[in-house]
Amino acid sequence: MRISGVLLLALVAGGGAQRATFEPSYPSPWGTGGPGWDEAYDKAREFVSKLTLLEKVNLTTGTGNQADLCTGNTGSVPRLGFRHLCLQDGPVGVRYTDKNSVFPAGISAAATWSRSLLRKRGEALGQEFAGKGIDIHLGPVVGPLGRDPAGGRNFEAFGPDPYLAGVAVAETIAGAQSAGVVASVKHYVLNEQEHFRSGISSNLDDKTMHEVYLWPFADAVRAGVGSVMCSYNQINNSYACENSYVLNKLLKNELGFQGFVVSDWGAQHSGVASSLAGLDMTMPGEGFGAAGYSSFWGGALTEAVLRGEIPQWRLDDMVIRIMAAFYKVGRDTKQIDINYSSWTYETEGPRYWAAKMGNTTVNKHVDVQGDHGELIREMGAKATVLLKNTGKALPLIGERIIAVIGEDAQDNPDGPNGCVDRVCNNGTLAMGWGSATAEYPYLVSPVTALEKQAAADGTAFINVKSNFDLEAAKAAARNATVAIVFANADSGEGYTTLDGNFGDRNNLTLWKGGDELIQAVAEENPNTVAVIHSVGPVLIDHIKNNPNVSAILWAGLPGQESGNSLADVLYGKVNPQGRTPFTWGKEARDWGVSILFNSTSNTPQQDFAEGVFIDYRYFDQQDIEPSFEFGFGLSYTNFTYSGLTAALQEDSAYKPAEGTTPPAPTYGELDLDPNHAVTPEGFSKIPRFIYPYINSATLRNSTTTIPAGSQNASAQPILPAGGLSGGNPDLYKVLYVISANITNTGEVAGAEIPQLYISHGTPTEPKAVLRGFDEIYLEPGETRTVVFNVTHRDLSNWNADAQDWVLTEYPKKAYVGASSRDFRLQADLPLPK
């Protein structure tokens, strides 16, 4: 093996153009435990100390695609009675099973701006995964963050603001892991588009990384997340799952992550290099391009340890991290048998699907839904954003004739699960497509819920199913006292194309002639209500400005209770509290970024030249008027703000972290005799199943280049911004306590979402960024005080030279208001001396 020096810049093959890079970072930090982790680490150390070399390798390596019951399966330790680990999608529910719930997508969950609902959603998700016997829930999502509104998988996450996404992901993780499953936050990091996702290099500077894209992952780590999934793309021309800067320095060193890193499916591109760069588990196990073995790990990892390419401390750390996450959430006491198969809905079938072996009962059809439908209905309603409401058109009261118009209001003729992974747009849209899907137990369409309500009220009801029969739509609109017209826009994962959209949206218009349908209806009825189900913003300024469109509702992707949630808002059973988690521009160019749709390179370069200026930050910087700004949403009542105070806290000084880690530990003695690592005589292998055995006791000569410092087991310096999980604990010291009074001055009860924005004062920084919000429920005439704790992290900027968070000398200011452009109160924030 060869030891390489540090390369700071990579050159384009055949040319002299320099490509963006980060400086490599070695060795891979070893887990040490810490608050919330110590007990789990003690248990993990005891367990791992008992393992052989082959058993350790078995727990790090997936056994292959469709090799066992779950989407992802590690090897097991039969000698100690430890079954394989089960990993399963996805963010809205348990994928590939039945009798499970489908929750609102991440983007809709974020639109509630409700910490309590986000926590409850996470807990309910965790309960359903645990009830199926799953160990590791592949979610939640904060990558993509949502740099470009056309990004195909944006809907899985919580929107493009790092602070909102960070709160949402932390609450979701806390909820899910309290139910006894390991959460795996994904996709780390900068997987911001689907086109070229397996080769594209997302290139950015250190400041943008910290202040935007790394921010919510830091909140996930601080929340105690057990696993992080690395993404398909490259970051500054190094694949995410073997990027030592991103995994070793940022995640494990600076953020103090104590859990394990798992690859996205097929995102591993090397064996030794990925291990030394910080990858701990590979999924699904196959190594596309691995030489000599069907996996980059498995037997290849065993060989690498035997040859000395991967030191024992690194292998031990990989397994310690996996087992610590397992023990942290109580899997040792809460684990039940896996009671489903991802690969068939039949009750009987082969357990080892790829090999078609092991016929048994694979699906026990365990119902894990509980009463989660009630939560889903509540979230769907409270996530609905009322964007326009002229003349109190809503809520609906005493309407004589209601017309419901548009395909998006209807049931899918083939049933809610009529398309695999929801790769279709038939009927109402309640989730995007791809691996972030689950099977509906049922889907309440808007037409079903609204027709039921109309019948109860004695209201005449007209339903027009087609988007394209405009004459029928017009006739229905003419004859109705209110016309409710539906349209949608879909997107998904870039492994397939829908209506010409390869995951990412080709444009930001409504699908299936939605714009023309709304226009036709509005021409005939001056009381037109437009309802939009979409994965993100669409261009609707023409709808907003149409005087005959009296109300607009963004209903997002609400999950299985879609129609009921919407009816609750339309009829005033729920006062809308949803606030848009992204900005609605008037033109696609208003966001200042675009999807890279075309490239002749295998490694397209996408430079994040906009830096920290994404979404509302860019609109503010460029003074672009949006259709609807970030954080905007109307209510059926009114709120006033008063009495702003800002109190500087004592003992809030920030100190950079210092000191060193302990040296790298090892656990147990490894048998390094290659003769003991070959397949045992008489052992019958399952076809297409990945094992830890080596091919031959005669080891191949090493041709692997070992990065300098990657095998160093000595004590390592703690980074200034590092320390405990989430980074330097001083970052989370409260510098200011800001409070304001919120009063409901309307006639009905409702929830206001007061928002805190901070101006860092620097001329080159965004005008203001979100740094707090709350959900305040008020009866008419009631006043309550909202309190925001502003931390050192909230007021600081990343200093790339100091490699730390720094309070700049520029004056800080706090704004409290109802959206990113509706500031009601403000206060200066003098810096501590």
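Predicted model: local features only at pLDDT ≥ 70, side-chain atom pairs only at ≥ 80, totals over all residues.
User: What makes Cys 230 count as buried?

Analyst: The reasoning runs the same way: Cys 230 has 0% relative accessibility, and the cut-off is under 20%, so Cys 230 counts as buried.

User: How do you know that Cys 230 and Cys 241 form a disulfide?

Analyst: Their sulfur atoms are 2.0 Å apart. A disulfide needs the pair within 2.5 Å, so Cys 230 and Cys 241 form one. Cys 230 sits in strand E9 (residues 227-230), and Cys 241 in the loop between strand E11 (238-239) and helix H8 (244-254).

User: Why is the disulfide of Cys 230 and Cys 241 called right-handed?

Analyst: Because the torsion about its S-S bond is about 105 degrees.

User: And what makes the link of Cys 70 and Cys 86 left-handed?

Analyst: There the S-S bond shows -105 degrees. Which parts does this pair tie together? Cys 70 lies in the loop between helix H2 (53-60) and strand E4 (72-73), and Cys 86 in strand E5 (residues 86-89), so parts 16 residues apart in sequence are joined. Both Cys 70 and Cys 86 are buried.

User: What makes Cys 419 and Cys 424 a disulfide?

Analyst: Their sulfur atoms lie 2.0 Å apart, and the limit is within 2.5 Å. The torsion is about 100 degrees, so this disulfide is right-handed. By this rule the count comes to 3 disulfides, in the pattern 1-2, 3-4, 5-6.

Technical notes: Residues numbered from 1 in each chain as written. Heavy atoms only, no water. Helix = DSSP H or I, 4+ residues; strand = E, 2+ residues; numbered from the N terminus. Buried < 20%, exposed > 50% of the residue type's maximum accessible area, 1.4 Å probe, protein only.
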